[in-house]
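Biologist: I am new to this structure and would like to go through part of it slowly. Could you take my questions one at a time?

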Amino acid sequence: MSLSANISVEAPIENQIQEIAYDGTEIYQLPPTLSEHLAKCATKIDFSKTSSDIDLLQQSIKKEDEKKEEESKDPKEQFQSSLWPWDSVRNKLKEALTEVCVLSDVLNIAKEKRYMVLDPIPQEPPEVKQMVMVYARKKALASAANILQSGVERLKAVQSDQGVTRTNSSDFHIELLRLRRNWRLKKVSNTIIGDLSYRTAGSKFMHPGMFEVTKAEDEESGSPPASPSGSGAAGTVACPKINSALRVNVPTELQGVAFIKVITQKDQEDLCTATVNMMGSTQLVPQAGAWQQTLEYAQNVLFCKELFNQLAREAVQLQAPIPHVVVGNQIRATLLPGIQLIISLCHSTSSDSNNSSEPIKDHDHVLEHSLHQLLREFHHKNTHHPFPHPASGPLGPSKKRMLAGPSAYDRHELLEMTKSQTLLEQIIAQAQHIFTRRRTQYVLDTVARDVKDPMITSHWNAMNSPTMSCVKINITSHGYDANLRTSLVIHVKERSLKCICRDGRIMHMSYEPQELRDLILCQISQHQIVCLQNLAKCMAWQILSSSSHLGIGAVEPLGNASSCVLASPNSDRLIAVQVRCDSQIDVKVFIAQSPAKDFFPGSLVRFDKMEGKNFHNKMEFLMASLTSQS
């Protein structure tokens with residue numbers, strides 16, 4: 001047997017080199033701590049092996065050791081048995097105690113952090129194969145899709161079974177929940193009652209506006225219940241097909257379609273019409289079990305009745321110069337002499353009466369919107385009162401009245417604050433303004449059409465109030481825009497017109513179209529004369545006299561005549577120009593010599609035979625031809 005030598009294997013004293021810098025400096029790796037060394041050793045343990053494998057391994061090692069011992073022992077000792085019979089039990093208990101102690105130590109180490117801290121060791125990620133993952137996910141999605149598909153087929157089967165057993169697929173409680181989202185409902189004993197009125201918005205209309213909600217099965221089996229409102233019996237909305245699990249019963253006076261028709265009439269001729277209908281359509285659509293449509297039509301009828309009732313009450317109370325007339329469902333009010341405003345309430349419960357009505361040709365959306373807005377403002381004022389400032393002040397006076405004392409208002413201003421317009425007065429004022437504005441547009445269009453020289457352009461302001469509009473009129477001559485541009489602004493009100501000229505003059509006119517036509521023709525004649533004077537100055541001609549209101553000659557039916565006398569630079573030629581306002585602009589031009597050879601006046605120029613595009617172009621040619629070179 002060869003001699004054996006003991007070899008000691010130790011870790012190197014020097015640490016491993018981690019990095020060598022560019023300057024040759026070596027950076028060593030720090031030695032691991034005890035916890036890191038323990039963790040590194042722990043990673044080498046294969047915890048995947050079970051206890052049974054470990055036991056088998058230990059038993060095989062023990063058997064090999066026993067064989068070696070038996071071979072080394074004498075044969076006599078092999079037949080010697082143990083002297084203590086409980087030796088095997090003691091060994092088993094000792095092994096069990098050792099395992100329990102180890103388990104206790106492991107639990108203490110894991111529970112109490114003062115012994116050892118277990119840090120996770122990053123392991124090398126396993127190699128991931130993309131195609132394997134794709135196939136695995138595809139398989140998982142296919143299995144999930146199969147599960148969902150089977151569930152859908154089951155739901156379809158259940159739904160088809162329910163459709164066969166139940167004639168009405170809608171549930172009553174679901175429909176009731178949808179109804180409650182849009183309408184006010186309350187339960188009175190065993191009935192469900194809804195509210196269609198605008199009382200929560202500030203309305204004081206006396207009609208209750210209530211409807212009743214019942215089940216469709218109850219309606220089929222028994223007679224329809226009575227209406228909750230005391231104004232009349234309720235009409236059940238019958239339909240050939242049952243598409244809903246509930247039915248709504250509205251009073252008979254709220255059934256059908258209602259709208260308010262506003263007509264501006266002159267000598268039995270409709271000038272302006274407007275229809276107020278919250279539904280946006282006057283056609284009676286069959287109510288095929290649609291409770292939402294039924295309630296909307298009923299609320300529209302209630303709205304139109306409240307609006308007409310308010311207007312009729314104000315028409316009776318107002319003291320107008322020409323009294324308003326209320327007959328049945330029609331209100332007549334006088335806007336201007338010969339022009340009437342007719343407000344009618346139309347309520348139809350059958351499609352025949354509505355189909356026979358003629359379609360509205362001219363629809364005014366502004367007047368329709370105003371009727372809606374005025375009633376909404378009336379509701380808003382009933383619920384929104386101004387709060388007192390300070391809080392200890394009385395409740396009710398407006399903010400302007402509270403400032404009357406500190407601002408020292410006089411009696412006239414206090415009386416102006418107390419005045420307020422009713423709904424009918426505001427509608428009449430807006431209708432008057434609409435008629436006056438259309439009449440003004442007609443006058444401006446006809447004058448611009450008849451008068452070719454100069455050009456007249458009108459610019460209407462897009463942002464106007466319901467009772468006042470603004471139009472800017474520009475009078476220009478083609479080719480001589482830089483020479484002169486006559487501008488004036490006209491404010492169109494309810495029964496009057498206000499004209500603001502360029503020089504600051506303000507003229508007030510009535511609603512008669514002749515006054516506006518007279519003003520426009522006067523402005524045209526003045527524009528022609530003033531523009532001619534500016535042109536004469538540019539050509540070195542002298543202005544001897546000028547008049548915007550000529551007092552000689554025949555009296556003009558419209559407007560005023562304007563004239564001027566011009567002299568050439570050498571004062572050897574004279575030109576007299578006269579512009580008269582008739583149905584057409586009449587221009588007369590006279591020329592004369594200075595000094596005159598006889599006592600006869602100057603000769604009349606045939607102005608219409610001269611070359612030139614317009615009046616100023618012809619006058620420019622005339623002055624150029626009469627100017628002498630010497």
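What follows is a conversation about a predicted model, taken up in questions and answers.

Biologist: In what order do the five strands of the open sheet lie, and which are the edge strands?

Modeller: The five strands of this open sheet pair in an antiparallel way and follow the order 13-14-15-16-17. On average, neighbouring strands of the sheet are turned by 20° against each other, with direction ignored. The strands that pair on one side only are the edge strands, namely strand 13 (455–460) and strand 17 (506–510).

Biologist: Which residue of strand 17 is the bridge partner of Leu497?

Modeller: Strand 16, which covers residues 496–501, runs antiparallel to strand 17 and is joined to it by five bridges. For Leu497, the bridge partner in strand 17 is Met509.

Biologist: At about what angle does helix 14 run to strand 13?

Modeller: Helix 14, made of residues 423–450, lies across strand 13 and also across strand 14 (469–476), strand 15 (486–492) and strand 16. Its direction relative to strand 13 is given by an angle of about 155°.

Biologist: How do helix 14 and helix 15 cross, left-handed or right-handed?

Modeller: Two packed helices are described by the angle between their axes and by the distance between those axes. Here the axes of helix 14 and helix 15 (residues 513–538) come within 10 Å and cross at roughly 35°. The residues that meet include Val443 and Val447 from helix 14, and Leu516 and Ile520 from helix 15, and by class the contact has seven nonpolar, two polar and two charged residues. The crossing is right-handed.

Biologist: How far apart are the end C-alpha atoms of helix 15, and why does that agree with its 26 residues?

Modeller: Helix 15 is followed by Ala540, whose phi is positive, near 70°. At 1.5 Å a residue, the 26 residues of helix 15 should span 38 Å, so the expected span agrees with the distance between its end C-alpha atoms, which is 38 Å.

Biologist: Turning to another part of the chain, which residue in strand 12 is the bridge partner of Phe259?

Modeller: Strand 8, residues 257–266, is mostly covered, with eight of its 10 residues buried. It is joined by 10 bridges to strand 12 (residues 339–348), and the two run antiparallel. In strand 12, the bridge partner of Phe259 is Cys346.

Note on methods:
Residues numbered from 1 in each chain as written. Predicted model: local features only at pLDDT ≥ 70, side-chain atom pairs only at ≥ 80, totals over all residues. Heavy atoms only, no water. Pairing = 2+ DSSP bridges. Helix = DSSP H or I, 4+ residues; strand = E, 2+ residues; numbered from the N terminus. Axes fitted to C-alpha atoms, helices over the stretch in contact; angles between N-to-C directions. Contact = heavy atoms within 4.5 Å. Buried < 20%, exposed > 50% of the residue type's maximum accessible area, 1.4 Å probe, protein only. Left-handed = near helix turned anticlockwise from the far one by under 90°. Nonpolar A, V, L, I, M, F, W, Y, C, P; charged D, E, K, R; others polar. Expected span 1.5 Å × (residues − 1).
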